[in-house]
Amino acid sequence: MPVMALLGLQWGDEGKGKVIDALSASVDAVVRCQGGANAGHTVIVGGVKRVLHLVPSGMLYAHVTGIIGNGVVIDANKLVEEITALGAAGHDMTGRLIVSDRAHLVMPWHKELDRAAEDARGDQKIGTTGRGIGPAYADRASRLGIQAGDFLHEERFIRLFDTQLAAKNRLLAAYGRPTLERTAAIEPLLEAGRRLKQYIRDSFVPLRDLVAARKEVILEGAQGSMLDIDHGTYPYVTSSHTHIGGLLAGCGLPARALDSVTGVVKAYCTRVGAGPFPTEELGPLGDTIRIKGGEFGATTGRPRRCGWFDAVAVKHAVETNGVDTLVVTKADILSELGEVKACTEYRLGGQAVASYPRSDDLALVEPGWRTFDGWSEDLSGLRRYDDLPQGLRRFTSFIESYTGATVGWVSTGAERSQILRRTP
Ligand code: IMP
């Protein structure tokens, strides 16, 4: 499938980085389309763990071209750090990383304002990653943003910076926060801009050409569909469209360029930060899943909230994104848990809920469950989909019949090799 969109269908952290890396052996380009350094895509190769925040997953293969599309918000200092660390580990980005000149920059004041807004929310905090994502997207929408392309004209960048700094310092003062000192804020950015210049250009034309040449391209979603600013659990969401529409708008490709839409789901469910979570397990089982699954944020280190697979949410995400194929990840974590459960219905006031509820109602729903026998086999050494244990096969068959999408892969461990493709 030359152009595949691959996105998470839950609340992020579904294992997209690992899946994209595993598929990238035969892929030509991977494109990040939205989000920013709030994402943490973990890839483990030969026992070495790398967390990619802005560089597209798949770039650990030297033949892959990476594009950071116009819809991404870029923390320039973090991107330089990431490129430098990858280079030191033998993964040179020169000549194969393209950063869209239209991508907006996360400025130092965005991070300060992110924290200030969270503090001002009192007991209604979202639990953001503190990476300045919301304020950066807000400035983009208000036509106040500074783009990566502005680094190519340093005088213009400085002019935009100074105008914004004055305005944002007034805002920070109004929040009762310390203001930003110009030299400390601008110098590292100018340095980062000079280092990034070689990568910054229009990213649409090279992408269009890759697609026209029928090269294998993956559009890499960040976060998950249930964190979409409109289709997720607002306001407990991120500030971009994590949904398929955001992937297209975030790189400029037309909808008809897509050949397939693949959704990644964990065999259970997690969420970081606040917001309704109908299948959350607050007792010892949640702790067991968290520890077994290593469910601590790749970006912030925060413990993730854990619970059973929410088929209602996944079906909603399959339908709104037009998902044809599913990748089920972390199936190994549910081995030896005994019974495995999935939520198949939300009830509100004794009535089954017919459409996906808004957050205030979602917080009140009673989940209806289906229970499966589970499986106790160790999956780590399996190399063929057909060898998956019966219990897990019954679970994936249920996911297919409930959501209407086909399970094409099951991931059974953190390593690149531990993903089993179902042969048609
Ligand atoms: P923000 O994107 O930093 O503004 O955070 C908004 C919400 O999205 C918070 O609940 C975060 O925990 C969540 N979030 C943002 N990025 C990720 C991610 O990559 N994985 C999981 N949750 C995320």
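## Helix α4 and its surroundings

The buried residues of α4 pack against β6 (73–74), β8 (104–105), α3 and α5 (154–174). Helices (H or I, at least four residues) and strands (E, at least two) are DSSP runs, numbered from the N terminus. Helix α4 itself covers residues 133–141, and Ile 133, Pro 135, Ala 136, Tyr 137 and Asp 139 are buried in it. Here, buried means under 20% relative accessible area, exposed means over 50%, and partly exposed lies in between (1.4 Å probe, protein chains only). Just after α4, Arg 143 adopts a positive phi of about 60°.

This is a predicted model, in which local features need pLDDT of at least 70 and side-chain atom pairs count only at pLDDT 80 or more, while totals for chains, interfaces and linings use all residues. Residues are numbered from 1 along each chain as its sequence is written, and side-chain values use heavy atoms, with hydrogens and water left out.

Asp 114 belongs to helix α3 (residues 108–120). Asp 114 is buried yet has no salt bridge, and the nearest side chain of opposite charge, Arg 121, is 5.5 Å away. In this count Lys and Arg are positive and Asp and Glu negative, whereas His and the chain ends are not counted. A salt bridge is a side-chain nitrogen of Lys or Arg within 4 Å of a carboxyl oxygen of Asp or Glu.

Not counting residues up to four places away in sequence, Asp 114 touches Thr 128, Gly 130, Arg 131, Gly 132, Ile 133 and Pro 135. Contact means heavy atoms within 4.5 Å.

## Salt bridges

By this rule the count comes to 26 salt bridges. One of them joins Glu 14 to Lys 16, with the closest N and O atoms 2.8 Å apart. Glu 14 has a relative accessible area of 0% and is therefore buried; Lys 16, at 3%, is buried as well.

Asp 150 forms a salt bridge with Arg 156, the closest N and O atoms again being 2.8 Å apart. Asp 150 is buried, with a relative accessible area of 7%, whereas Arg 156 counts as partly exposed at 37%. In the salt bridge of Asp 387 with Arg 384, the closest N and O atoms are 3.2 Å apart. Asp 387 is partly exposed at 38%, and Arg 384 is partly exposed at 49%. Salt bridges that share partners also join Asp 13, Lys 266, Glu 295, Arg 304 and Lys 330 into one network.

## Domains 2 and 3

The domain assignment gives domain 1 (3–102 + 200–261), domain 2 (104–196) and domain 3 (265–421); such bounds come from an automatic or database domain assignment. The centres of domain 2 and domain 3, taken over C-alpha atoms, are 37 Å apart. Their contact takes 6 residues from domain 2 and 5 residues from domain 3.

The area buried between domain 2 and domain 3 is about 370 Å², and carbon and sulfur atoms give 44% of it. Buried area is the accessible area (1.4 Å probe) that two parts lose on being put together, summed over both. In domain 2, Gly 127, Thr 129 and Arg 131 lose the most area to domain 3, together 69% of what that side buries. Between domain 2 and domain 3 the count is 0 salt bridges.

## A buried loop residue

Val 27 lies in the loop between α1 (16–23) and β2 (29–32). Val 27 counts as buried because its relative accessibility is 5%. Val 27 and Glu 216 are 189 residues apart in sequence, yet 5.0 Å apart in space, C-alpha to C-alpha.
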